[in-house]
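Please keep the sequence and the three-dimensional view at hand while reading.

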Amino acid sequence: MMAKRHMSLNDLADNVGISNVNLSKIKNNKVNAIRFSTLAGICNALECEPGDILKYDPNAEGDDNDNTDN
């Protein structure tokens with residue numbers, strides 16, 4: 001989405017109000033959570049919806065839906 005909008009990581013970080021290091025971690029899937037306000041800021045800056053930039057991966061690490069203890 002950043003490429004479609006011709007926006008650099010630094011420009012997006014400035015628009016959202018977070019550090020480029022934190023935005024890079026989000027972009028590279030190195031975070032376990034994201035604040036709704038940050039997601040809203042990213043979507044606002046990129047003029048998109050959350051579904052345009054997020055993808056659900058049922059096999060991702062950290063999946064809390066493992067029911068092996070039952």
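In helix α3, the residues Thr38, Leu39, Gly41, Ile42, Cys43, Ala45 and Leu46 are buried, where buried means under 20% relative accessible area, exposed over 50% and partly exposed in between, with a 1.4 Å probe and protein chains only. The cover over these buried residues of α3 includes α1, α2 and α4. Contact here means heavy atoms within 4.5 Å.

This is a predicted model, in which local features need pLDDT of at least 70, side-chain atom pairs count only at pLDDT 80 or more, and totals for chains, interfaces and linings use all residues. Residues are numbered from 1 along each chain as its sequence is written, and side-chain values use heavy atoms, with hydrogens and water left out.

The secondary structure of the chain consists of four helices and zero strands, so that the order of elements from the N terminus reads α-α-α-α; helices (H or I, at least four residues) and strands (E, at least two) are DSSP runs, numbered from the N terminus. The chain has a mean pLDDT of 88, and 86% of its residues reach 70 or more; pLDDT is the predictor's confidence in each residue, from 0 to 100. Among the elements, the highest mean pLDDT belongs to α3, at 97, and the lowest to α4, at 94. Where pLDDT is low, the predicted coordinates should not be read in detail.

Thr38 lies in α3 and counts as buried because its relative accessible area is 12%. Apart from neighbours within four places in sequence, Thr38 is in contact with Val16, Ile18 and Ile26. Ile42, with residues up to four places away again set aside, touches Leu12, Val16, Leu23, Ile34 and Ile53.

Which residues form the largest nonpolar core? This core has 12 residues, namely Met2, Met7, Leu12, Ala13, Val16, Leu23, Leu39, Ile42, Cys43, Ala45, Leu46 and Cys48. Helices α1 (9-16) and α3 each supply at least two residues of the core, and the largest share, five residues, comes from α3. A nonpolar core is a set of buried Ala, Val, Leu, Ile, Met, Phe, Trp, Tyr and Cys residues joined through side-chain atoms within 4.5 Å. In soluble globular proteins, nonpolar side chains tend to be buried together.

The packing of α1 against α2 comes next. Their axes are 9 Å apart and meet at an angle of about 110°, which means that α1 is roughly perpendicular to α2. Axes are lines fitted to C-alpha atoms, for helices over the stretch in contact, and angles run from 0 to 180 degrees between N-to-C directions; angles under 35 degrees count as roughly parallel, over 145 as roughly antiparallel, 65 to 115 as roughly perpendicular and the rest as oblique. On the α1 side the contact is made by Leu9, Asn10, Leu12 and Ala13, and on the α2 side by Asn20, Leu23, Ser24 and Lys27.

Two loop residues remain. Asn29, in the loop between α2 (20-27) and α3 (36-46), has a positive phi of about 60° although it is not a glycine. Asn29 counts as exposed because its relative accessibility is 64%. Just after α3, Glu47 takes a positive phi of about 50°; this residue lies in the loop between α3 and α4 (50-53). Glu47 likewise counts as exposed, at 65% relative accessibility.
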